[in-house]
Amino acid sequence: MHSRFKKSATLSAFGAAAALAASGLMVAPAAADDAPAPTVTVDQLAPQAFAIPGVVGVTTNGTDIFIKVDDSADGSGGMQANAKSADVTSQANALAAQFAGVKVVEGTIMQATSSNEVVGGAGIAMGYDENSAQGVCSVGFNAWSPEGKPAVLTAGHCVGDFTNVLTTAPSGDDASGGTQPSLMASLGTFGFSQFGMPGTQPIDPANPPSNVDIATDIAVIDNINPDLTLLPTVTKWGAEAAANDDLAADSVPVTSVAEAQIGEHLFRSGRTSGAYAGTVQERGVQLIGDDEGNAYPVYGFQVIADDTSLDFSQGGDSGGSVITDSGAAVGTVSGSPGPGQPGDETAWFADLPHALDVIRENAGDYQVMLDIAEPAITSATAERGGVFEGTAPANADVAISGDIEATVPADENGNFSFPAPDEVGSFDITLQATQGFNISDKVNETVKTSEIQVDAPAITSPGNESSSTSAVTEVTGTGTPGATVELQGDAEGTAKVNENGNWSIATELGFGAYTVGATQSVSGVTSEARWVSFQVVPGAPTLVTPQDGATLDEGQLTAVVGESPIAGADVKVVVEGADGVVARGSATVDGGSWMAELSDALVPGAYTVKATQSIDGVSSSSVSASFEVVAAAGGGGGEEPTEAPTAAPSETPGPGGLAPTGADTASVVAPFAGGAAVILLAGITLLVIRRVKSA
């Protein structure tokens, strides 16, 4: 249990079957029967002294006891701001005269930092008044109630029959060499508590519980004195900090709550022993005994001190903080074998996450007060209208104030971003993170914006320097989502870039050579243009005469005949022999067909005829056929064909109403039978043309 003591001159010893880790007795020295004046302890004298308005302290240097008085005009004394007594010094002297070794000295109310700050590991006292037994324990961790009000966690076995809890002056606690606790301020009142099984029940050997894993040793202190400031830190009990009653000056932050792992290094902090370090040895459930022979199960872990010559935990350390080297709150002091007992270099601690679960089931979601990290800016420059980026505790809310006002969430990895102003400049901001009820310190930052740099959009279709026989009906590309893309050059139109970064603008581009540019605009800034050049060309014309592989008599082929659906297209024909180009011809497509008369007669030999067509300044690819010219037998010509070639189809429009390209001509003029024609080719051609026109 906590350390207990009485105000009377004598105090009977506690009987204990098993010592509590934080349990101990603070026994007042017995009165001397034959002394001319009785002796007194600080504890015994303090209630009477503080009843005198103007008394500001009752302390001891180990030899004498001092009643400190403030007789200034606005002095006040005691634990309440009572009006100063007009004769504070004389009343104090009268009280001091009743006891041996008591002196009255000048003093003042302490204004040390920790006079209104409470940290983990600091001392607390319970039930302090003239008629009740007293006890001391230690603060475990400062916390938040489910409603976000300050609270304190300590050991459940500290509660006993007590209700009120007060803070003690570090300079008077055992950890700093004191011998009697010196009270400072009201802390609060006990709320939910559990020592052992639910309802603070010990183990019944005749009927042991099956769910012993729910046992713990935890208590909540609520109704915190509003004049106090609770800090998310644990004191290390530095000598100077304790002597100055400023435990916060030598403390480490509590940054998280975690389960202690076997082999993990940590330290515990309490008002009797100060701060000792050790290593986790075991985990499980341990029985903790009280001074009446009862044994209470506590789920937690055992730690062995780094210095095994130490009593790792002593009376009054109960409820004190247990924290890892990395700042994780893992437990509170529960029990030890007792000073001088075998194994006193070890102690047992209540597992904190488990204890919080027990509290949550019975009293609501109390949370340990954490010192959360301040937000940090990781990207302090951005284009105007862009975003700044930073880091903060995971899932925290980050409030930005100053020249920029915003509240944004950090994700599970602690990353956050917030919008940059839509103007160029430098901006001074303050950031603060909130995680649950925990609030970080504020941090000041300066962020800057620059003019937006907008890159030209990409054009993905049609490709640069590409050629197509199909009309171009849209221009597509990629850009900045949300930007406005505008075409220029040989095409017009605008479009928004979608969320996937794509855009498309409809157009109608038939035969011709084109150059098209595209720009994109973001927040009033327009990029340079991205340009592409491409062509829409006609398909190659169709060759009808001569056919590929044909054999013709010398003098029979005076013109090349073919088809094309592109009215008005200019057809160029070349005939190549062994010595290069030997004949040329040209024609204009009319009625779906064309005939190009050759510039020169062909002598016997092997030839290749090639034909291309052009319109609107663009030319098709070529079509070719190979044939052979042989000397005419008997000097005569070939036989007249028995049937004229089939007429070409009428001209039809291309897709989308654009000019047809000739890439997919469906009908073919019936070929001449090699060597069978007996009439002049010109006559046959005229017949073809006539048939086409009459169709």
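Which hand does the disulfide of C137 and C158 have, judged by the torsion about the S-S bond? The torsion is about -100 degrees, so this disulfide is left-handed.

Before going further, a word on the ground rules. This is a predicted model, in which local features need pLDDT of at least 70 and side-chain atom pairs count only at pLDDT 80 or more, while totals for chains, interfaces and linings use all residues. Residues are numbered from 1 along each chain as its sequence is written, and side-chain values use heavy atoms, with hydrogens and water left out.

**The chain as a whole**

The chain holds five helices and 50 strands; these are DSSP runs numbered from the N terminus, with helices being H or I of at least four residues and strands being E of at least two. Of its 695 residues, 46% count as buried, where buried means under 20% relative accessible area, exposed over 50%, and partly exposed in between, with a 1.4 Å probe and protein chains only. Taking contacts (heavy atoms within 4.5 Å) between residues at least 6 apart in sequence, 64% join residues at least 24 apart.

**Around the disulfide**

Counting cysteine sulfur atoms within 2.5 Å of each other as a disulfide, the total comes to one. The bond runs from C137 to C158, with S to S at 2.0 Å. It links distant parts of the chain: C137 lies in strand β8, and C158 in the loop between β10 (150–154) and β11 (164–168), 21 residues apart. Both cysteines, C137 and C158, are buried.

S138 also belongs to β8 (residues 134–138). With 0% relative accessibility, S138 counts as buried. Its side chain reaches the backbone oxygen of G316 at 2.8 Å, a polar contact (N or O atoms within 3.5 Å; within protein, one must be able to donate a hydrogen and the other to accept it, and residues adjacent in sequence count only if both atoms are side-chain atoms). Setting aside residues up to four places away in sequence, S138 touches a set of residues including T154, R271 and D317.

P150 sits in strand β10 and, at 37% relative accessibility, counts as partly exposed. Beyond its neighbours within four places in sequence, P150 is in contact with A143, W144, I224 and L230.

**Paired strands**

Two strands pair if DSSP finds at least two bridges between them.

| Strands | Bridges | Facing residues |
|---|---|---|
| β17 (265–270) and β18 (274–289) | six | S269 and A275 |
| β18 and β19 (295–305) | eleven | T279 and I304 |
| β35 (472–478) and β38 | six | T476 and S504 |

A hairpin of three residues joins β17 to β18. β18 and β19 form a hairpin with five residues between them, and G293 in that turn has a positive phi of about 90 degrees.
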